[in-house]
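Here's a quick briefing on a ligand site and a helix pair. Take a look at the model first, then read on.

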Amino acid sequence: MPRLSAITPSGPATLGNYLGAIRRWAREGRPGDLYFVSDLHGMTTPYHPQRLRARSREMLALLVAAGIEPEQVFVQSDLLPQLGPLTWVLECSCSFGEAARMTQFKEKSAARELAATPVRVGLFTYPVLMAADILLQGADEVPVGDDQAQHVELARALARRFNGAYGEAFVVPEAVTPPAAARVRDLSDPSRKMDKSARDSAGVLFVMDDPDLLARKVRRAVTDGLGRLEYRPDEQPGLANLLEILAACTGQPVRAVAAGFSAYGEVKKAVTEAVIDELRPLRERMRGLLEDTTELDRIRKRGAMVATDRGAHRLATALRLAGVG
Ligand code: AMP
């Protein structure tokens, strides 16, 4: 049974996305696992259509360039003809109170209200769309961080409720917490995760940044005035983050990495080199795919076809049992 993971094209992919998720998907994924570019999730807050389209393409190219099998990737909006009706069926199984309890909605809508910007209904209902993503593909495991665990719980509840009320249509999915992968933090503010939609990108290393820009960002990374070259995430979060990045790129334990230096400048130099080396082949493959539009279009079409075929009988069963269609 497949495991399902996604990346939202809400900004250009970061080193955090790569080291924390995509590289592992490529290395540890099983043949039946599925990976998708969740472009529909990127519409829940203000966005630019052309940029969303371009970034979805980049993300697709990145997943393939990272080494994930092309048949295992797809773009979410290519499944709109199936996701639309299934989301409606699931919305009609979901209570308002249940959706309103989602912590991520509460946090994101509070932030938008504070900034006096409208909260989109899509931000409220997107966990149900996420349930449709999962249930349509029959995924039984969904690897998530803390921020998404509640959404997978909702998908479980909706699958159970539908199966109980109307008949067996869905596999009941489970949230799985992947073993600690790299948690990459913002180089300018190590209290925050490195985030592709961060307002200030000075501390964010993007996969497509050129080597000079990567070097500049690492050089300006925040450290501390203690001058102690040890791995102490609580006391020296900036240095610890650099050491973790180095460890993730070189495949060494973080404490062993820390032991090799006597000055912060040396650490930054080593991080710069390691990141450039890690990203160079990836960027080259990605660029090749982005330039070969015929090949990327072919990969996208094939991924959409495989995913659509996989979900077709589940959607048909759900509609039949729900008394529609
Ligand atoms: P998102 O950026 O929310 O679309 O997440 C895509 C994947 O990247 C998820 O599996 C996240 O857990 C992972 N991810 C995002 N940012 C980081 C980060 N700074 N460090 C490690 N993993 C990350």
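Sorted by class, the shell around the ligand holds six nonpolar, four polar and three charged residues (Ala, Val, Leu, Ile, Met, Phe, Trp, Tyr, Cys and Pro count as nonpolar, Asp, Glu, Lys and Arg as charged, and the others, Gly among them, as polar). Keep in mind that this is a predicted model, where local features need pLDDT of at least 70, side-chain atom pairs count only at pLDDT 80 or more, and totals for chains, interfaces and linings use all residues. Numbering starts from 1 along each chain as its sequence is written, and side-chain values use heavy atoms, with hydrogens and water left out.

**Ligand shell**
- The ligand is surrounded by 13 residues, and the closest are T8, N17, V184, M194 and K196 (a heavy atom within 4 Å counts as near).
- α1 (15-28) and β1 (4-7) are the elements giving two or more residues to this shell (DSSP runs, H or I of at least four residues for helices, E of at least two for strands, numbered from the N terminus).
- With four residues, α1 gives the most.

**Polar contacts** (N or O pairs within 3.5 Å)
- For N17, an N or O atom of the side chain is 3.1 Å from a ligand oxygen atom.
- A ligand nitrogen atom is 2.9 Å from a polar backbone atom of M194.

**Helix pair**
- α3 (residues 80-91) and α6 (residues 121-137) pack at about 115°, axes 9 Å apart (axes are lines fitted to C-alpha atoms over the stretch in contact, and angles run from 0 to 180 degrees between N-to-C directions).
- Their contact has nine nonpolar, three polar and two charged residues.

Conventions. Polar contact = N/O pair within 3.5 Å; in protein donor to acceptor, adjacent residues only side chain to side chain.
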